[in-house]
Amino acid sequence: MTLDINKIRKDFPILQEKVHGKDLVYFDNAATSQKPTQVIDEMVKYYYKYNSNIHRGVHYLSNKSTDGNENARKIVQNFINAEHLHEIIFTRGTTESINLVANSFAERYIGEGDEVIVSEMEHHSNIVPWQLVCEKKKAVLKVIPFNDNGELLVDQLDELITDRTKIVAVNHISNSLGTINPVQKIIDIAHARGVKVLVDAAQSVQHLKIDVQEWDVDFLVFSGHKLYGPTGIGVLYGKEDLLNEMPPWQGGGEMIKEVRFSGTTYNELPFKFEAGTPNYIDAIGLGAAIEYVENIGLENIDAYEQELLAYATEKLSSIDGLKIYGTAEHKTSVISFLVDGIHFYDMGMLLDQMGIAVRTGTHCTEPIMQHFGIDGTVRASFSFYNTKEEIDALYNGILKVCKMFVH
Amino acid sequence: MPSKSKEVEVTTLCLSIIREMTINEIQEEIIEEFAGFEDWMDKYAYLIELGTDLQGLDEQYQTDQNLIKGCQSKVWFNASLEEGKVKLEADSDAIIVKGIAALLIRVFNNQTPEDIMNADLNFIDEIGLKQHLSPTRSNGLVSMVKQIKMYGIAFNHVK
């Protein structure tokens, strides 16, 4: 099926905006995606008509909001094909999901001398929580390296794993290189050695269909806002037995069964991990976003974005002095690049003046920058609402910047 | 563009021979200069030119101590006090940032610590570089201004 891009673009009001008097070209999708009217309207509807704190409410509005929240959980469950509804925990986002797992999992399973493995291409969010936990537990953090194309050296994983290794935490797709990592292979290698796996899907749920049961992954985490949903909502999927064994992370309302000063008992899954008033409106927004994406079809989205990636890679590569960082065989629609003699910050600032939004800097992946011996890159990341004409605008914009630097 | 800036440079030079310009006079001059630019391209081309022309810092001064840490570009400032006047030098790995640093040097170089301390900086706003001033912007312009002011305070104390 070919996507009707003009129709899709009309769903995203912000794409009609002008920036510095020019048509907005939004190529910062890996940082956050824009929101379709369907998501915004659904959230507004709840604020207008149904808002009330959820769970344990006896009145109409509370039930309405509770239903909305739990329906969103159901949508997420189906989206990633989780076996149980209560394996879906709502969090503030990927970062909070990882912190939750790192802390709670470590509390239960990690002790002095144990090991955690991450990769060299992780977002800081999938490094720092593990570093904190390792420091606290006197555990060791080990790293799977990647090659200069930006491909993980997965063959080294088996050697890295020892009988002290407890968990491997890797991303499905690298936010700054666009590499699609062989997650199934990683899970298989780890499981063969009795090691659990967390997959950071923050950069992949919006591009690729994920089936947690098929993967047999232990934990999957992602954010709503990169998936065309609102900010402030994210998901932690965890296998039921693990989540049941792990202790609560944050205490408060909702997560308790009974509170006594002599000892408190905790609620069942998923509520055990959802302390405080849940972010139900954003959860409802996330549900609407997933429905929107599924209506278009992830396969269609992926096919079109691959087309954009191929087109942009070819165009940008033809620019003199432009180098792309991240040339893995399997990539998603992310292009990190530098042009000889032009600082990424200068490039980003000048493209901005042309209405083109790209991200510059380290993209919260300093180890990747260290690998390549650079301070940062310019990153253009494409979504299914982007067009080849917009890529042409980027191409022409870069040429214009190059020209300004020659004079 | 180059001819215009050369003209300005000559004017600046002449003026400074007649008498030292005050911080506010220099700011006014910069604002006037920028008012002449027709679009953003001219403005940024000028900043690039300023950045390219600014003599950088010797590597020995590109130290962590002189580094103003912004998340995206590195900026170094070096300051000294000579005959009661503050001498400023700067460098950056990003040219536009270096151009902005050049403007700051033009405003603050050769001023007394006291004048630097008390300066009310309005030109950045006026020439449309305000977007670079918000504290979360990563080029460290806020930090640059703060650092220069700190030099002013420190040298005033020494004096």
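Domain bounds here come from an automatic or database domain assignment. On that basis chain A is divided into domain 1 (5-30 + 297-402) and domain 2 (40-295). The model is predicted: local features need pLDDT of at least 70 and side-chain atom pairs count only at pLDDT 80 or more, while totals for chains, interfaces and linings use all residues. Residues are numbered from 1 along each chain as its sequence is written, and chains are lettered from A and ligands numbered from 1 in the order in which they are written.

The C-alpha centres of domain 1 and domain 2 of chain A lie 28 Å apart. Their contact takes 24 residues from domain 1 of chain A and 23 residues from domain 2 of chain A, two residues being in contact if their C-beta atoms, placed from the backbone, lie within 7 Å. On the domain 1 side, at least two residues each are supplied by α11 (298-317), β14 (334-339), α13 (366-372) and β17 (377-381) of chain A. Helices (H or I, at least four residues) and strands (E, at least two) are DSSP runs, numbered from the N terminus. The largest share of that side, four residues, comes from α11(A). By class, the side has 10 nonpolar, 10 polar and four charged residues; Ala, Val, Leu, Ile, Met, Phe, Trp, Tyr, Cys and Pro count as nonpolar, Asp, Glu, Lys and Arg as charged, and the others, Gly among them, as polar.

Chain A also holds an open sheet of seven strands in the order β4-β10-β9-β8-β7-β5-β6, with mixed pairing. Two strands pair if DSSP finds at least two bridges between them. The edge strands, each pairing on one side only, are β4 (88-91) and β6 (140-144) of chain A. Neighbouring strands of the sheet are turned by 20 degrees against each other on average, direction ignored. β4(A) and strand β10 (residues 234-238) of chain A run antiparallel and are joined by four bridges; A:Phe90 has A:Val235 in β10(A) as its bridge partner.

Helix α4 (residues 94-109) of chain A packs on this sheet, touching β4, β7 (165-171), β8 (196-200), β9 (219-223) and β10 of chain A, and its direction makes about 30 degrees with that of β10(A). Axes are lines fitted to C-alpha atoms, for helices over the stretch in contact, and angles run from 0 to 180 degrees between N-to-C directions. Helix α7 (residues 183-192) of chain A packs on the sheet too, touching β7 and β8 of chain A, with its direction at about 160 degrees to that of β8(A).

Among the residues that make the contact are A:Ile98 and A:Ala102 of α4(A) and A:Trp130 and A:Val133 of α5(A). The contact residues divide into six nonpolar, two polar and one charged.

Between the chains, 13 residues of chain A are in contact with 14 residues of chain B. On the chain A side, α12 (344-353), β16 (359-361) and α14 (388-406) give two or more residues. The largest share, five residues, comes from α12(A).
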